[in-house]
Structures are given as structure tokens and as C-alpha cells.
Amino acid sequence: MRKNSKSYHWLNNLTIILSLVVLAGCASVQSPTGGPKDVTPPKVVEESPRNLTRNFKSKRITLEFNEFVRLNNESNEVAISPALDQFPTFKAHKSTLDITFEDTLEANTTYTINFGKAVGDVNENNILTNYTYVFSTGNTIDSLMITGNVQDALTKEKLKDVTVFILPASQDSLFGKKRASIFTTTDSAGNFRMSHLRENTYRIYALREPQGGDRIYNSRVEDIGFATDPVVLKDSTLNIPLQVFREVPELLSITDRKIENDGRMLFVFNREARLPGLQIIDPAALDGRKVTEFTARADSAFMWLPEMTFDSLKVALIEENKPVDTVTLRRNKRDNYTRTILLGDNLSNGRLRPATDLILTASHPVSDFNPQAFTLLQDSVAVAGLQVTRMEGSQRKFVVRYPWRMNRNYILTAGDNAFTEIGGTKSRKSEKTLTLDDPENYGNLTLRVTRPDSAAYLIQLLDQENNILKTDSVPTSGVIEYRTFPTSRYGIRVVYDRNRNGRWDTGSVKERRQPEPVFNVEKQLTLRANWDLEETITIPKLQ
């Protein structure tokens, strides 16, 4: 028995040892998984010659990083000031970046190399932003500085990753044509700093552009800001405030147009139009048969024709009784356009807001409709007293009136042929189910506004996404009421309406005009159900 026991323990120990060896072998061939994602940009650990070198004589700069790096579009991202006739050669190899000068450097000059977003790590391309390498071919290095902050002109939000650049005032004609060589980007608090500048008079700009922009203000989807007066740099200039805005194009134009599958024609403009119109120039005979409709902001329009038999349409855009742009729409003779009348409404999840009428919106202009084709069921019982009328001034909207009651379920039916659109297509039977929403789900907001003077002011009610829900002028200090508004959080913005035109006006680079000032009330107003909320708004006087 003792011998068998020893054999058993020996075999058991051998089994354990072999298992550990196998497990160790398996573990040795597996790659580690998981772990946090690398979000740290590379760091410069050595510079040769050292940054801020004076009496620079080298033809080559070598930068060592703490990890492998790569270059991203260095010809566009990297800027050198003052500019060189021949751009240096950049070469990244593992954790080293070599810069070789092909051009002769000027004597007694401070050079700044701004790498923009050119340097990233190999694995995740985390970008090293705002890294600059500075050297001087003389005994001194330019030491002046400009700092400041960038915010959105309307929301006052501090803006990150906005490009701030300066141009010598003598070269300001290059604005919008060539990249500035002296630039930086704002941090998460909207702050910026440009260092190692020489004495000069500069124009300063802030540019917010889509990702991958070229640092040139050349697109209508970019936001721009500027200091009104030039900066005369003799000492460091600190805390320059800049606000960016979307500039309104001076000339109105059509940026897009198309014929949709149902025959509706869409026109998109580059800005809001003033007293707009559309005119069919060719074939001119169709102009009197068209129906046009502009959106609420007048930045786009729709057009319908009774028949889609034309080969092409030449359409002029009119602003304030003057033609400002002309486009042509062409259709293929084999294209078929299916017109089906669909009905939209102003319901919210099948609920009608108290003290409002039901509004139906047809998908096409209606030439005729039959009020007798409508029926209404209240809790499955037919009721009388329903009225359906065309909304004044519209060929697509219809008002449905009835003494709606709480805690009742309604089914509104539009029978066959209730609507006939301008091309002769008749509607099919359709139904809408609705209830009257409880007034206790809504609240009332009262603003008591105090003005500092007799200037013109606007009060804008904002939703949680800063969209404008309503704009009211404030001719005198007084009361503004918002009745039966949905429960939500609201914001208040004050516009200093300097030109008294009833809207907020953006700025203009060409005219060196800043946007109209605004004041955003810091407090968010929370409107609760079945609640009357009163707030006092004291408009601050501009300094």
C-alpha cells in the first residue's frame, strides 16, 4: 500500500507540473486584449538644435518623440513665418522627425515653424496641436505675444479648435486667398496665444471651419470673427475678445434645385430672401400656372405645375422685385411623377394642443376640396358641428374646427375625393385619430422686462437646443406672455436691435462690421405642468 501511495503522489505531481507548463505555453503565445484606448498625443522629448536657439546655422532640425509618429498633410498643415521660397523637406521615421531646409535663411530673423495638426502618433493618430519650433539667425528672438478668447457671437459659447491667425496690415489683401503663416488654435476654454511675434501692425481673425479645413476663409459654411481695429504690436497685447459668426452672403443665389419624384420642385438659397419670388422665364406661358411656396425663413422654396410636360424650365429668383439669379431645371421625357395627396397635421403624438385648431397640410396645392367629405367620430359616435375651411393665403393648409372635449377619443375621416390637387389627382380616404391634450400638461410664462433706455430690443424665447421659438419686440418696459406652452426648459436671449429691423443681424468682414450684440440670460426657465411662472428680465446697458 505504501508503494502504491508513493506512485500515486508522484503521478499526481507530474500531472500538475505538466498542466502548469501547458498553461504557461498557452499564455505565452496570446496577445493582451482590452485596456484603455490610447488618447494621448506624442510628446517631444529632444530637439536638435534646441528650441529657441539663437544664431541658428544648421540646415537640419531633428525632433525626437516618445513614440512612433507620422505626418498628416504637412504641406497644408505646417506653416513657417516668415515664409520661405522653397518649403523644407519633412521626413518621419519611427519616433524621429527630420526637417531639412532647401532655402537660404535670412540673417537676423526669428523663424517660427507651426506644425498645426501635422504630427500624430502611428497607432491612433492622436494629434499634437499647437506645437511650434522657434529659432533665430541672429542674437535675439522676437518676444512679443498676443492672447485672447474666442466665443460664438450668438450663444456666447467658448469655442475649441478655432483657428486664430494674424496678417500684417500691409498684407491684409491676402485674406481669403492664402493661408496665414502665423496662427494657432483655441483650447477647450476658447483661449489662444501667439508668441515670438515681431513689432508690426496686424489684423487678427478667428476662423471656425469644418474638420479638414484649409485655414482659408472661402466657404459659406465657415464662421469668421475679427478684431475691428488693427493691433499695433509694440508690447505684448493680452485678452483680445473675438466672436465668430456666420456671415450672410451679400448676393442672393440658388445653391441647389431639383425635381422630386412627385413633381414638386425644390429651390435652396444661400441665405434668407427679402420679399422673394420665383418667375418662370421659359416657357413663359407656364408662369401664370405655377404655385410657389416659400419656407418660414425664406431660405428655400417649392414650386408646382399642373402638368409635368416641359423639357426644361428656366426660373428666375426675385428679391425685392429684382431678378438676382437664374437656373434651369431639366427633366427626362421618360420620367414619371406619381402624385399622391398626403395629409400632414399639427398633432403631437396624436394630441391636439389646448385652445388650438387642428391644421391639415396637403402635400400638393389643392385646387378644390369638398367639406362634406369629412366626418368625425367622438368615442365611436358620429357628431355634427365639424367645420373644415381653407386657411387664408394658403393652397395647402386647411383648418378643422370643433368644440373638442377632454377625455374623448376622436376619429377624423377625409373620404375619397375630399381634395383635388392642381393637376387633377384626387385624394383617397384617410383617417386621423386624436385626443385633446390636458391643459394641465402645459404652463404659462410671464416675463416682466425692464429696459435700460429707449433703444430697440428683441426678446427671443429659445428651446433647449437654442432654436428660436418666438421673437417679441420690447418697445417699452412691460410684460411678455407665453400662454399654454409645453412643459420644458427654456432660454431667453436679448438682441440689441441697433438698426430696428426686428431681427438679429450678423457681421460683415468686408464692411468691418461686428454682429449686433446679444445678452443671454444665464438662468434656464423650467416651465412645469399646470404652472404659472413669472420672471423679471433686466436688460443690461451696453458699455
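**Figure 1. Ala298 in the loop between S21 and strand S22 (300-304).** Strands, like helices, are DSSP runs numbered from the N terminus (helices H or I, at least four residues; strands E, at least two). The model is predicted: local features need pLDDT of at least 70, side-chain atom pairs count only at pLDDT 80 or more, and totals for chains, interfaces and linings use all residues. Residues are numbered from 1 along each chain as its sequence is written, and side-chain values use heavy atoms, with hydrogens and water left out. Ala298 is not a glycine, yet its phi is positive, near 60°. Ala298 counts as buried, at 10% relative accessibility. Buried means under 20% relative accessible area, exposed over 50%, and partly exposed in between (1.4 Å probe, protein chains only).

**Figure 2. Arg215 over the face of Phe183.** Arg215 lies 3.9 Å from the ring centre of Phe183. A charge sits over a ring if NZ of Lys or CZ of Arg is within 6 Å of the ring centre and within 35 degrees of the ring normal. Arg215 belongs to the loop between strand S14 (200-208) and strand S15 (223-226). Its phi is positive, about 60°, although Arg215 is not a glycine. At 9% relative accessibility, Arg215 is buried.

**Figure 3. Arg353 and the ring of Phe485.** Here the charged end of Arg353 sits over the ring, 5.1 Å from its centre.

**Figure 4. Arg493, buried without a salt bridge.** Arg493 is part of strand S40 (residues 488-496). The nearest side chain of opposite charge is Asp152, 6.7 Å away. Lys and Arg count as positive, Asp and Glu as negative; His and the chain ends are not counted. A salt bridge needs a side-chain nitrogen of Lys or Arg within 4 Å of a carboxyl oxygen of Asp or Glu. The side chain of Arg493 does make a polar contact with the side chain of Asn520, at 3.1 Å. Leaving aside neighbours within four places in sequence, Arg493 is in contact (heavy atoms within 4.5 Å) with residues including Leu154, Gln460 and Phe519.

**Figure 5. A cluster of rings: Phe56, Phe101, Tyr111, Tyr133 and Phe135.** Ring pairs link these residues. Rings of Phe, Tyr and Trp (its six-membered ring) pair if their centres lie within 6.5 Å; planes under 30 degrees apart count as stacked, over 60 as edge-to-face and the rest as tilted. The count comes to 25 aromatic pairs. Tyr133 and Phe135 have ring centres 6.1 Å apart and planes at 50°, so the pair is tilted. Tyr133 is buried, at 1% relative accessibility. Phe135 is buried, with a relative accessible area of 1%.

Technical notes: Polar contact = N/O pair within 3.5 Å; in protein donor to acceptor, adjacent residues only side chain to side chain.
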